[in-house]
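Please open the structure in your viewer, with the sequence panel beside it, and follow the stops below in order.

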Amino acid sequence: MASQGDDDLVASKTEGYKVGEKKTVEEYAKLDQNDESLNRWKASLGIATGAPLAVAPGDTRRCVIQSLALEVESRPDMVIDLTAPGSIEALKSKPFIIKEGSKFRMKANFKVQHDVLSGLKYLQVVKRKGIRVGKDEEMLGSYPPNTVDKPSYEKKFSQDEAPTGMMARGHYEAVSKFIDDDDHTHLKFEWSFDITKEWK
């Protein structure tokens, strides 16, 4: 049986868009070395700059989501360290608390290993009492592998505003995933949040 949100967690496709030919970081670094504008573009991506981060033997992951945080105006960030054992499983049972009408955003801290990560996206489906009440898709971009000088990336998502009113208050469940242009899922998880009248 498919898990919650499987049918909804499909990235939209742009008609006519084709994923480009895959190249390694070394191939990008050598590509048209005499082209000044291309060299500036490669430098802006961090290609061929800095020593690569060490990767644990046997770790084949290309993208490692290290933490997620809920950033709320005038409140300390609520951070979940996803490298801690059991942290992903705890997301669903320990809901984030969001005061109605608050402006908030999610942010992710992640690292890229081995090769360029193309077209990372964040997908999310929110349900209340089993009924879908929201779906979001956010393009996060393409990233080269991290280096010693830049050991991780942080991406802040678009700001959102919590609904208000008695009907909006209550418990919500969400399923989210990080996916790339190759439809490879880097992380999928269930989590929850409560919309409340006041901060708890």
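**The whole chain**

Of the 200 residues of the protein chain, 40% count as buried, where buried means under 20% relative accessible area, exposed means over 50%, and partly exposed lies in between, with a 1.4 Å probe and protein chains only. This is a predicted model, in which local features need pLDDT of at least 70 and side-chain atom pairs count only at pLDDT 80 or more, while totals for chains, interfaces and linings use all residues. Residues are numbered from 1 along each chain as its sequence is written, and side-chain values use heavy atoms, with hydrogens and water left out.

Helices (H or I, at least four residues) and strands (E, at least two) are DSSP runs, numbered from the N terminus. Contact means heavy atoms within 4.5 Å, and of the contacts in the protein chain with a separation of 6 or more, 70% are between residues 24 or more positions apart.

Now colour by pLDDT, the predictor's confidence in each residue, from 0 to 100. The protein chain averages 84, and 78% of the residues score at least 70. Confidence is lowest in helix 1 (residues 25–30), at a mean of 61, and highest in strand 7 (residues 153–156), at 95. Over residues 1–5 pLDDT stays under 50, and the model has 7 contacts beyond four places in sequence for this stretch.

Select Ser67, which lies in strand 1 (residues 63–72) and counts as buried because its relative accessibility is 17%. Leaving aside neighbours within four places in sequence, Ser67 is in contact with Val79, Ile80, Asp81, Leu82, Lys107, Ala108 and Asn109. Move on to Ser74, in the loop between strand 1 and strand 2 (78–81), where a positive phi of about 60° occurs although the residue is not a glycine. Ser74 is exposed, with a relative accessible area of 80%.

Show strand 5 and strand 6 together: they pair in the antiparallel sense over 10 bridges, and two strands pair if DSSP finds at least two bridges between them. Arg128 has Ile131 in strand 6 as its bridge partner. This hairpin has 2 residues between the strands, and Lys129 takes a positive phi near 55° there.

**The largest pocket**

Which residues are the closest to the centre of the largest pocket? The largest pocket has a volume of about 480 Å³, and of the 24 residues that line it, the closest to its centre are Phe104, Gln124, Val126, Asp136 and Asp160. A pocket is an open set of points on a 1 Å grid over the protein atoms alone, where a 1.4 Å probe fits, with protein on both sides within 12 Å along at least five of seven lines; lining residues have an atom within 4 Å of a point. Strand 6 gives the most to the lining, with 6 residues.

Finish with Ile179, in strand 9 (residues 170–179), which counts as buried because its relative accessibility is 5%. Beyond four places in sequence, Ile179 is in contact with Gly119, Leu120, Lys121, Leu123, His184, Thr185 and His186. In the loop between strand 9 and strand 10, select Asp183, which is partly exposed at a relative accessible area of 43% and has a positive phi near 60°.

Conventions:
Grid points are joined across faces, edges and corners, and a volume is the space filled by probe spheres set on the points.
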